[in-house]
Amino acid sequence: MAAGDRSKRIRSNVQRVLQNRGETLEAGLANAIFESGDRIIRRIAEDALCLENTFEIDTTDGEELYSLPEDFIAERILIPTGSSVELKKISMDELRRLKLSAQSLDQSDTTSGDLFFYYLWNNEIGILLGNGSAPGSSVTVTMYYWRYPTEELSNTRDPVLRPQWDDVIFKGIVAEMTRDQMWERQFEAGLMTAKLNERSRQGEVRQVEVNTSYD
């Protein structure tokens, strides 16, 4: 399959629906369809958490807050270099308790120099040591996260989502362009089903065991 074939098929299917409704095709309609598709894909990515990426954060001595990637939706796991331990996410209430506890300690007596906690705040991520203080050295933290799409549909660029999402994208475009409640219901139902399949797929990937038997 050539690049763009999926996008062209989606566009063609949408145009066929619009024609069947007796609507007039206008110049630039293909672009309007692709622009609508970009919005639908963005909503799917945010709702279904189905696009993944990685980002490296290099901590600095005494620096607690770090910028998040521009395409960031939600974090999945954070792993410091040289450690198999995931950083634990804490709430604002937990952050407050940790900071209050740290203030009551003699920092010279604390021995934990490992990264333990993180929190999200104002489009930034805060990273803390086990004693609640900012990192004391340079450590690379790899963040696995769900992202927004940055790629745009065109006749030569396919959806960044897996092909299993194409029918949902098609129904979403038709629903947006026609404002037809029947198509909106079909889109929402398709989105829900695809989300469940995506969760099942992600779960199966995490649960696959290494098979060392070749008999």
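Residues are numbered from 1 along each chain as its sequence is written. Because the model is predicted, local features need pLDDT of at least 70 and side-chain atom pairs count only at pLDDT 80 or more, while totals for chains, interfaces and linings use all residues; side-chain values use heavy atoms, with hydrogens and water left out.

Helices and strands are DSSP runs numbered from the N terminus (H or I with at least four residues for helices, E with at least two for strands). Two strands are taken as paired if DSSP finds at least two bridges between them. An open sheet is formed by 3 strands in the order 1-7-3, with antiparallel pairing. Strand 1 (52-58) and strand 3 (72-80) stand at the edges; each has a single partner strand, so one side of each is left without a neighbour in the sheet. On average, neighbouring strands of this sheet are turned by 30 degrees against each other, direction ignored; the axes are lines fitted to C-alpha atoms, for helices over the stretch in contact, and angles run from 0 to 180 degrees between N-to-C directions.

Strand 3 is joined by 7 bridges to strand 7 (residues 140-147), and the two run antiparallel. Within strand 7, Thr142 stands opposite Ile79. Thr142 counts as buried because its relative accessibility is 18% (buried means under 20% relative accessible area, exposed over 50%, partly exposed in between, with a 1.4 Å probe and protein chains only). Leaving aside residues up to four places away in sequence, Thr142 touches Phe55, Glu56, Ile77, Leu78 and Ile79, where contact means heavy atoms within 4.5 Å. Thr142 and Pro80 are 62 residues apart in sequence, and their C-alpha atoms are 6.2 Å apart in space.

Further pairing involves strand 5 (residues 115-121), which runs parallel to strand 4 (residues 88-89) and is joined to strand 4 by 2 bridges. Lys89 stands opposite Tyr118 in strand 5. Strand 5 also pairs with strand 6 (residues 124-129), in the antiparallel sense, over 6 bridges. Leu128 in strand 6 is the bridge partner of Phe117. The hairpin of strand 5 and strand 6 has 2 residues between the strands, and Asn122 takes a positive phi near 55 degrees there.

A search of the whole structure finds 12 salt bridges, each defined as a side-chain nitrogen of Lys or Arg within 4 Å of a carboxyl oxygen of Asp or Glu. One of them joins the side chains of Asp47 and Lys195 at 2.9 Å, N to O. This pair links distant parts of the chain, with Asp47 in helix 2 (residues 29-48) and Lys195 in helix 5 (residues 181-207), 148 residues apart. Asp47 is partly exposed, at 31% relative accessibility.

Arg162 and Glu198 form a salt bridge through their side chains at 2.7 Å, N to O. Arg162 lies in the loop between strand 7 and helix 4 (166-178) and Glu198 in helix 5, so the pair ties together parts that are 36 residues apart in sequence. Arg162 is partly exposed at 29% relative accessibility, whereas Glu198 is buried with a relative accessible area of 1%.

In the salt bridge of Asp167 with Lys171, the closest N and O atoms are 3.0 Å apart. Both residues lie in helix 4, 4 residues apart, about one turn of the helix. Asp167 is partly exposed, with a relative accessible area of 40%, and Lys171 counts as buried at 17% relative accessibility. A network of salt bridges links Arg6, Arg9 and Asp166.
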